Amino acid sequence: MATLAPSILGADFSRLGDEIQSADAAGVRFFHLDIMDGHFVPNISYGPGIVKTIDKLTDGFLDAHLMLSEPEKYFDAFKKAGADAITFHLEVHPDPLPYAQQIRQLGLQPGLSLNPDMPIEKALPFLAHFDLLLIMSVFPGFGGQSFIEDTIGRIRTAREHIDRESLTTKISVDGGVDRTNAERVVEAGADILVMGTAFFTSDDRPGLVKHVNSLSHQKSRKV
Ligand code: DX5
Ligand code: ZN
């Protein structure tokens, strides 16, 4: 069963409470929170204060996707704000293991993310230490971009490695994911589909969650 993780960046912030309540009512249990510093990415979003607000609005799992040049400075703040997982980029920490350990010591799940131009092979040796692998299917910074098709092969490579090594790392895919490509993304090996625009513009949020939940890479893979 695949999981749909709405990216709050796609929500109407003037109605944040309603948006989260509607996601909860649609069956969402996992939220993706895009944190941008205007330095690692050319945009600024929100910080621990809004995460704390979101945490008050839902019991769902909160993954903070830190698009920050110095993510470790804020691990503690996001823990205090209610994050359950903290995901940072391999681009900023090519040796990510000490940071995974810091996140784990806070009692949170570590996630490792890669931009579309970072070879997926660079992440594989570290996956045993991460609960989440967040494969970017757009260059991060903005919602509403188109899915980069090369991502499918990158997901497959990561899936094969995770299965071969019997790891429990979940593959999450972020950027331009929607109803038209969800099946292919899961078939390639994804566990979690991040959807900003596609989820918050959908006129059938429960139907979209059900559709994603009905997909599985295990079922569709030929043995
Ligand atoms: C991109 C962010 C994504 C993005 C997803 O910088 O990391 O999470 O907001 O939004 P959509 O689904 O609209 O591409
Ligand atoms: Zn994201």
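How far is an oxygen atom of ligand 1 from an N or O atom in the side chain of T197? In this predicted model, the separation between that oxygen atom of ligand 1 and the N or O atom in the T197 side chain is 2.5 Å.

**View 1. Polar contacts of ligand 1 with T197, G141 and H65.** Besides the 2.5 Å approach to the side chain of T197, an oxygen atom of ligand 1 lies 2.6 Å from a polar atom of the G141 backbone, and an oxygen atom of ligand 1 is found 3.4 Å from a polar atom in the side chain of H65. Considered alone, ligand 1 exposes 380 Å², of which the protein buries 99%.

**View 2. The shell around ligand 1.** Ligand 1 sits in the largest pocket, and of the 20 residues around ligand 1, those that come nearest are D34, G141, D174, G196 and T197. The shell is made up of 8 nonpolar, 10 polar and 2 charged residues.

**View 3. Strands that contribute to the shell.** At least two residues of the shell around ligand 1 are supplied by each of strand 2 (30–36), strand 3 (61–67) and strand 8 (192–195), with strand 2 giving the largest share, 3 residues.

**View 4. The aromatic pair F75 and F88.** The count of aromatic pairs comes to 6. The ring centres of F75 and F88 are 6.2 Å apart and their planes stand at 45°, so this pair is tilted. F75 belongs to helix 3 (residues 75–81) and F88 to strand 4 (residues 85–89), so that the pair links distant parts of the chain, 13 residues apart.

Conventions: Residues numbered from 1 in each chain as written. Chains lettered and ligands numbered in written order. Predicted model: local features only at pLDDT ≥ 70, side-chain atom pairs only at ≥ 80, totals over all residues. Heavy atoms only, no water. Near = heavy atom within 4 Å. Polar contact = N/O pair within 3.5 Å; in protein donor to acceptor, adjacent residues only side chain to side chain. Areas by Shrake-Rupley, 256 points an atom, 1.4 Å probe, with all protein chains shown as cover. 1 Å grid on protein atoms, 1.4 Å probe; cavity = no way out; pocket = protein on both sides within 12 Å on 5 of 7 lines; lining within 4 Å. Sits in = over half its atoms within 2 Å of the grid points. Helix = DSSP H or I, 4+ residues; strand = E, 2+ residues; numbered from the N terminus. Nonpolar A, V, L, I, M, F, W, Y, C, P; charged D, E, K, R; others polar. Phe/Tyr/Trp six-rings, centres within 6.5 Å; stacked < 30°, edge-to-face > 60°.
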